[in-house]
Amino acid sequence: LFSLVVLGTCTVVLITVVISYRQTMLPVSFLNIVFLLAMPLDRRTMLSSVLSSSITLPAKCTNKDDVVYIKDNGSTSLHESWSAIIPLERSSGGTNSIRATLSYEPTTSLFGTRTYIPKKVFKLIVDTGSPYLVISDGMEYTSFVDEVINTNADQKRFPSILEFVGGILEGAGIDNFQYNLKSSGYDATEEIYGSQKGNIAWKESYIQMRDDRLSKNVVLGVLDNELTNEAGGPLLGMVKFSNSQSEKVQLRPTFLEQGCNGKNCISSFMIDSPNRELLLVSGKSLLPPGTNSVIPLVDLRPLGDFVEHYACQVQSLILNGIEFTADSLSSKLDKKRSIVAVFDSGLTGCLFTQPLWDDLQKNGANLNNVKAIDVGVDTEKMDTRSEKSELYNFRTSEEMNPFFKLDPISLDWFDDEETCPYVVVLGQTFLIQGSLTIDIDYRRAMFRSAG
């Protein structure tokens, strides 16, 4: 009897409300409240919670006015070049990050009137030392749910009833959305970040950035706890090319090579730390011929590196005013190695590979008390009559910035550990002082000090 009374009351209220809604166009939120008052107390409490959560969802919008578009002069072609400037935010250890939104598996409401897409906003550290887009659960900046209204023939025939009833019951469980990423089809892999081993699960998602031309479906990695601690946060890997011949790792699509259809391929980029801007360019070089102080990049993949790190030749390494070169290090050793520097904007300080660390100590360097580092790298010859190229010097010290730090690291990049190059990894203690430009396609780089 009680059920019949409740059913009859609800029917009368529903008909009255629908008629009232058609005549007066009362707000839906008011109709929901009227309908709730006609329901039993336990059902009313549950649905009140659902309605409250649907009103207070912390949706955030991205301000596209922050994007600057640079039009090229000349004729328009199928592969017209374009550029975009994206603002950077300072992250831990002097690194820079950009905001990006990832979409998770959608959920459809009870009556199918709406689809909810859970989303998370991440601050991705711009990392020139790695190739992949990787995130870590629990390290998002914020989360929210996008609501999409589904339209079909039935809804168009009975819009008021379906929208009203759906609006009441559609969000059951809205407080407990599951943030599940779509499977990518790639198996989990064991990876090394720095000297830390861990596992990465490979998923798929749609990523939204401040420029729509950078928004796309991507394969991304989800770090385990060990790698999360080493990485320092979600990373946007800027290394574009991998080594298809390498058998050291199970290769996955790099971020920059995904969605590269000839029109949206990133060919150059510039990380301007002092002005906190990331410039991304497609279809042209940021370093045209004749540019001064251009640093030629070397490809380490033929030596076994599994990706094309942005590396250059080092001619001079000065520690606390004492100079070391590849020749001087080899003079007391029964072997000869070259020295290369790798640009790593995801690193705070400076790293020496373990062979370089050991051989420097054998040559009298006190690496436990280094106060200043000067790394002289080759630049392109502007005068063909000169036998030697000019050097560009990357300098840092304890007095220059708070990110000065020197540590050894073991890397497994190379096939022959006895003859492989010494590696100096240049982190933000150097790069925060100016703007780093990388011309990916032509293997060239440039650094401009803010001073």
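The legends below describe close-up views of one predicted model. Local features require pLDDT of at least 70 and side-chain atom pairs count only at pLDDT 80 or more, while totals for chains, interfaces and linings use all residues. Residues are numbered from 1 along each chain as its sequence is written, and side-chain values use heavy atoms, with hydrogens and water left out.

**View 1. Confidence across the model.** Mean pLDDT (the predictor's confidence in each residue, from 0 to 100) is 79, and 73% of residues reach 70 or more. Residues 17-78 have pLDDT below 50, and this stretch has 75 contacts beyond near neighbours in sequence. Contact means heavy atoms within 4.5 Å.

**View 2. The largest pocket.** The largest pocket has about 890 Å³ of space. On a 1 Å grid over the protein atoms alone, a pocket is an open set of points where a 1.4 Å probe fits, with protein on both sides within 12 Å along at least five of seven lines; lining residues have an atom within 4 Å of a point. The volume is the space filled by probe spheres set on the points, which are joined across faces, edges and corners. Of the 38 lining residues, I192, Y193, G194, D344 and I409 are the closest to the centre. Strand 10 gives the most to the lining, with four residues. The lining divides into 17 nonpolar, eleven polar and ten charged residues; nonpolar covers Ala, Val, Leu, Ile, Met, Phe, Trp, Tyr, Cys and Pro, charged covers Asp, Glu, Lys and Arg, and the others, Gly among them, are polar.

View 3. Helices (H or I, at least four residues) and strands (E, at least two) are DSSP runs, numbered from the N terminus. Helix 8 spans residues 354-362, with L356, W357, D359 and L360 buried, that is, under 20% relative accessible area with a 1.4 Å probe and protein chains only. Its buried residues pack against elements including strand 17 (311-319), helix 7 (326-331) and strand 24 (422-426). G364, which follows helix 8, has a positive phi, near 95°.

**View 4. T353 in strand 20.** T353 lies in strand 20 and counts as buried because its relative accessibility is 6%. Beyond four places in sequence, T353 contacts I409, L411, Y422 and V423.

**View 5. F343 in the largest nonpolar core.** A nonpolar core is a set of buried Ala, Val, Leu, Ile, Met, Phe, Trp, Tyr and Cys residues joined through side-chain atoms within 4.5 Å. The largest has 85 residues, and F343, F352, L360, I373, V375 and F394 have the most contacts inside it. Residues touched by F343 include I295, L297, F394 and L436. A second, separate core of eleven residues includes Y132, Y193, W202 and L235.

Key
Buried < 20%, exposed > 50% of the residue type's maximum accessible area, 1.4 Å probe, protein only.
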